Amino acid sequence: MRYGPAVRRRKLGAELRALRTHAGLTSGQAAERVGWHQSKVSRIETGRSGAKAADVRLLLGAYEVKDPHLRQLLVALAGSEEDGGRGHWWHAYRDLLPPAYRDFISLESQACRVRTLETTVVPGLLQTPDYARAVTRAALDGLPDDQVNALVEVRLARQDVLRAAPPLRLSVILDEAVLHRPVGGSEVLDGQLKRLLEAAQLPHVRIQVLPFAAGEHVGLIGPFVIFSFTNISDLDVVVLDHLTSSLYLERREDLQAYTDAFNSLRTKALSPEESTDHIAGICDGA
């Protein structure tokens, strides 16, 4: 288990090493092409040193990498806060957002698919403003109103990935308790449930409810998120949220374990159609 920045460095380094090898270059030859010492290339490839966006672009040019999406993704992994692609809009909030959250948003903005289990609240990508405000106030008690509002803005801006071209593919498994917990009060919850019904109609959003009747299940371990990326399956990562930080799991066996867990939960959950009916029934007071 590693924290986000270390995961990004290692994954970026591994991909750059593979691209160098594919280009038929030694690390010394690569360094010569970009005007560096060979040790800098080695440190980047092993993840011991971070790489700036400009460094990554130099190496991609030396390796004659043309794929625009791949170039964009690797530059994003370098932690660039420049504008471009799906953007680094969160740079404007850098004084408010902790590094772990900025790293999470960066991964989310570049992912092609997100699978998530939520056991306590609706995932941020589907929250209404009022629901997001209530969650933020509960999680960060005593925070000034202006900072709460700014964090809500961030949460809503994150949702742009669902309107991008192509949009993020989102698969959500919600514990039934989430649908009954009156976050922000009954009116706020009612608006949130209606928002879920609207989102469920989107072709790239899949929502399944894990009913109380499912009994014990692997999801009792708690919520998690699995990020997947176009073209590079080895970049997949699992994120576990804690009160003050996030943990990033990248080992192949960890990824497989959480993928298996998610697939198991999908079989125990209601189908998307049944889930929509269930949510609608709660909205109608059935």
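# Notebook: salt bridges, core, sheet and rings

I started with Arg251, which counts as partly exposed at 47% relative accessibility. For my own reference, buried means under 20% relative accessible area, exposed means over 50%, and partly exposed is in between, using a 1.4 Å probe and protein chains only. Before going on, I noted that this is a predicted model, where local features need pLDDT of at least 70, side-chain atom pairs count only at pLDDT 80 or more, and totals for chains, interfaces and linings use all residues. Residues are numbered from 1 along each chain as its sequence is written, and side-chain values use heavy atoms, with hydrogens and water left out.

A salt bridge here is a side-chain nitrogen of Lys or Arg within 4 Å of a carboxyl oxygen of Asp or Glu. For Arg251 and Glu253, the N to O distance is 3.4 Å. For Arg251 and Asp254, the closest N and O atoms are 2.9 Å apart. Glu253 is partly exposed at 47% relative accessibility, while Asp254 is buried at 13%.

I searched the whole structure and got nine salt bridges. One of them joins Arg158 to Glu108, with the closest N and O atoms 2.8 Å apart. Arg158 sits in helix α8 (residues 145-158) and Glu108 in helix α6 (residues 99-110), so this pair ties together parts that are 50 residues apart in sequence. Helices are DSSP runs of H or I with at least four residues, strands are runs of E with at least two, and both are numbered from the N terminus. Are these two charged residues, Arg158 and Glu108, buried or exposed? Arg158 is buried at 7% relative accessibility, and Glu108 is buried too, at 4%.

Next I looked up the largest nonpolar core, which has 69 residues. The term means a set of buried Ala, Val, Leu, Ile, Met, Phe, Trp, Tyr and Cys residues joined through side-chain atoms within 4.5 Å. Tyr63, Leu126, Leu196 and Phe227 touch the most other members. Helix α10 (residues 186-200) gives the most to this core, with six residues. Apart from this core lies another one of 15 residues, including Leu117, Phe224, Ile226 and Val238.

I then clicked on Tyr63 and skipped its neighbours within four places in sequence. Its contacts (heavy atoms within 4.5 Å) include Leu16, Leu19, Ala23 and Val41, and also Arg20 and Glu45.

Strand β1 (residues 113-118) runs parallel to β2, and six bridges join them. I picked out Arg113, whose bridge partner in β2 is Arg169. Strand β3 (residues 205-210) also runs parallel to β2, again with six bridges. There, Ile173 stands opposite Gln208 in β3.

The bond from Ala165 to Pro166 is cis, with omega near 0°. Pro166 lies in the loop between α8 and β2. Glu64 is not a glycine, yet its phi is positive, about 55°. I found Glu64 in the loop between α4 (53-62) and α5 (68-77), and it is exposed, with a relative accessible area of 59%.

**Entry 6, rings.** I ended with the aromatic pairs, and there are four in the structure. Rings of Phe, Tyr and Trp (its six-membered ring) pair if their centres lie within 6.5 Å; planes under 30 degrees apart count as stacked, over 60 as edge-to-face and the rest as tilted. Trp89 and Trp90 have ring centres 5.5 Å apart and planes at 85°, so they are edge-to-face. Trp89 and Tyr93 are edge-to-face as well, because their planes are at 80°, with centres 6.4 Å apart. Trp89, Trp90 and Tyr93 form one aromatic cluster. Trp89 is partly exposed at 26% relative accessibility, whereas Trp90 is buried at 3%.

Key. Pairing = 2+ DSSP bridges.
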